[in-house]
Amino acid sequence: MMRNTRGVDRKILLMIAYRNLVSKKLRTALTLFGIAIGIGSIYFLLSFGLGLQNIVTNEVIGNQSIKTIDVTTPNSRIIKLDDITNQRVGDIAEVTTLGKAYFYPGSFRLSNSESDAIVYGIDEGYEQLTYLDVIEGVLPTQAGDIKNPIIINIAALESIGLSSNPSAVLGQTLSIQVPLEKVSDNLEALKQEFTVAGIISSGGGPEVFVLSNVFRELGVDAATQLKVGVKDVASIEMVRSQIESFGLETQSPADTVEEINTIFRYFNFMLLGFGGIGMIIAVLGMFNTLTISLLERTKEIGLMVSLGARSIDMRLLFVFEAVLLSLFGAVLGIVGATVLSALVNWLLNLLAGTRGVDGTFWLFSYPWWLFVGAILFMLFVGFVVVWLPARRAEKINPIDALRRE
Amino acid sequence: MKREILYEVDGVALDFSVGEQHVTAVQKGSIFIPKSEITIIFGPSGSGKSSLLNILSGLQKPTSGSMKYKSENIYTSNQDSLAYYRAHELGIIYQTNYWVKSLDVLDNVALPLYFLGYSRADAHDKARSALERVNMQSYTHKYPYLLSGGEQQRIAFARAIVNDAPVIIADEPTGNLDSKNGDRVIELFTEFQQNEGKTIILVTHNLEYLPIAQHLVQIQDGKMTQIEHKDITPTVKQLLSDVQNRISTLAAKGAKK
């Protein structure tokens with residue numbers, strides 16, 4: 001028997017589906033509106049959840065690189081972060097940078113004012129791996145000709161009442177005192193004068209930073225903390241386990257990020273649940289439209305089958321209608337949600353400004369995968385919703401359909 | 001010239017149930033449809049004409065018997081092949097004009113070509129030619145359901161010829177038309193049969209059109225009776241005379257009252 005080898009061109013089915021939707025303007029517009037509300041509410045709430053997650057992550061992690069590991073010793077008398085240990089850590093294949101920090105409680109004196117502070121001795125590696133937000137001057141390793149450079153944070157300046165004009169402090173002499181007796185019995189206290197080379201905003205409490213060799217020259221042979229830079233986030237776990245096998249303790253910003261992500265995963269699911277209510281309305285609207293369309297077009301389907309359309313073509317016709325509704329509805333919803341979120345963000349910034357908040361913030365996040373995911377999700381919903389009407393369209397008997405009045 | 005047989009309907013019957021009632025739409029019988037001739041299937045309303053036409057159109061599998069087209073039993077094929085048979089071999093015209101309402105005249109006429117896999121541009125070219133042949137070329141971008149009954153029937157005719165199918169099947173094509181428009185549609189059928197050698201299968205209960213046929217199938221309460229070519233003229237005369245007698249009897253009864 002003869003066989004149709006070509007089949008109907010999909011573009012023509014798409015055209016017929018499109019024409020049918022356009023011919024029922026009000027119904028199609030209302031259905032699209034329903035879908036837009038459903039998917040738009042999900043997109044709006046998720047972009048809010050993700051934006052909030054970003055803000056929280058940035059606040060907690062700050063500008064620390066996530067590809068770093070902080071290494072400390074559980075007992076500095078037994079396992080020391082000395083040159084031998086540092087060498088072993090530095091030799092791990094995935095380690096790219098190694099920074100050393102010595103830090104002890106001490107005090108500083110500047111312009112006849114004195115305050116307690118944590119005194120850090122840092123090397124170039126530590127500087128690279130830690131984001132020290134310089135607002136005036138330079139970092140210790142970049143100080144060049146400045147003799148005995150030191151940088152001081154705003155919190156330290158606040159503690160002595162000099163934070164109003166930080167640049168005035170640059171070049172001034174600052175003396176520090178750090179008792180090192182507790183570090184090792186035979187060490188003398190650090191008492192030295194430095195020149196302020198830079199001012200940073202980082203850090204919650206008073207902190208000052210000098211070069212690490214200041215402590216080395218006094219005979220401190222072990223660092224307080226190592227900062228290890230690794231090639232990529234994926235290798236963090238492996239490097240950590242190797243370092244821990246040396247008897248050392250590790251911490252990574254990735255831990256915090258993971259905890260934040262876990263919390264927000266639940267939060268976003270909750271938001272998804274709220275958005276789902278809108279989605280149910282959209283699904284019902286779409287199902288209603290497709291079912292009415294099927295009932296109205298029973299004769300048309302009967303006619304097309306009698307003229308040579310295959311049953312599968314009739315099924316596809318409805319699938320295409322659902323795809324068009326889903327696609328346009330999703331794009332409309334996403335655009336609407338983006339505009340609404342921009343408006344909400346602007347209003348919140350305005351409100352925050354009147355309450356004395358400096359700077360602006362962006363409360364929403366629109367990653368590409370959320371956009372693609374929302375469209376794919378809506379298409380999936382469309383396929384599920386159209387399943388029953390499309391199946392019924394496929395099974396329409398043309399004789400019965402054309403006999404109907 | 002030797003007569004060629006296009007359809008062989010052999011021992012075909014069609015039964016179905018409506019609720020608890022058993023209906024025999026077509027009683028077991030055999031007929032044939034000759035190629036390149038006009039065959040008229042006639043009979044009173046509800047006699048089974050449309051059921052027979054549905055069987056010939058590949059839309060209704062008979063309960064028993066075989067229906068061969070070009071010596072092949074089409075009902076042994078799958079649904080896709082039957083769909084191809086309808087799209088490629090048939091042009092179909094119904095009494096009521098059915099349209100895809102969202103499409104204009106041009107796309108409606110092009111529908112059978114779409115189902116054959118034509119591109120839209122190629123299908124439009126052929127649809128324009130078909131509309132020209134029925135003098136409806138200026139209606140391409142109108143919506144068919146907004147046109148008059150006569151205009152719609154001509155567009156339906158264009159749709160039936162657009163795929164250049166060898167067979168045109170028409171189910172009461174003049175049923176909803178006045179006599180003038182009905183005659184014009186019948187003229188189109190005879191023209192296509194004579195000029196292009198199309199096989200026309202016409203279902204009607206209007207006896208006036210019987211003389212255009214070269215082959216007749218009478219159907220009464222589902223029973224098919226074939227009237228050979230040589231018997232057509234006397235049969236038509238007899239039928240028309242019966243009708244005339246009935247009218248006279250009814251008129252006389254009316255006068256007595």
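The model is predicted, so local features need pLDDT of at least 70 and side-chain atom pairs count only at pLDDT 80 or more, while totals for chains, interfaces and linings use all residues. Residues are numbered from 1 along each chain as its sequence is written, chains are lettered from A in the order in which they are written, and side-chain values use heavy atoms, with hydrogens and water left out.

**Cavities**

- Rolling a probe the size of a water molecule over the atoms shows where empty space is left.
- Here a cavity is a set of points, on a 1 Å grid over the protein atoms alone, where a 1.4 Å probe fits but cannot get out; lining residues have an atom within 4 Å of a point.
- A volume is the space filled by probe spheres set on the points, which are joined across faces, edges and corners.
- The count is three cavities of 30 Å³ or more.

**The largest cavity**

- Its volume is about 40 Å³.
- Among the residues that line the largest cavity are A:Asn20, A:Lys24, A:Thr289 and A:Glu321.
- Helix H1 (10-23), helix H2 (25-61) and helix H8 (253-296) of chain A each give at least two lining residues; helices (H or I, at least four residues) and strands (E, at least two) are DSSP runs, numbered from the N terminus.
- This lining has one nonpolar, four polar and three charged residues, where Ala, Val, Leu, Ile, Met, Phe, Trp, Tyr, Cys and Pro count as nonpolar, Asp, Glu, Lys and Arg as charged, and the others, Gly among them, as polar.

**The second largest cavity**

- The second largest cavity has a volume of about 40 Å³.
- Five nonpolar, three polar and two charged residues make up the lining.

**Where the chains meet**

- One salt bridge (a side-chain nitrogen of Lys or Arg within 4 Å of a carboxyl oxygen of Asp or Glu) crosses the interface.
- A:Arg19 and B:Asp107 form a salt bridge through their side chains, at 3.4 Å from N to O.

Note on methods:
On a 1 Å grid over the protein atoms alone, a cavity is a set of points where a 1.4 Å probe fits but cannot get out, and a pocket is an open set with protein on both sides within 12 Å along at least five of seven lines; lining residues have an atom within 4 Å of a point.
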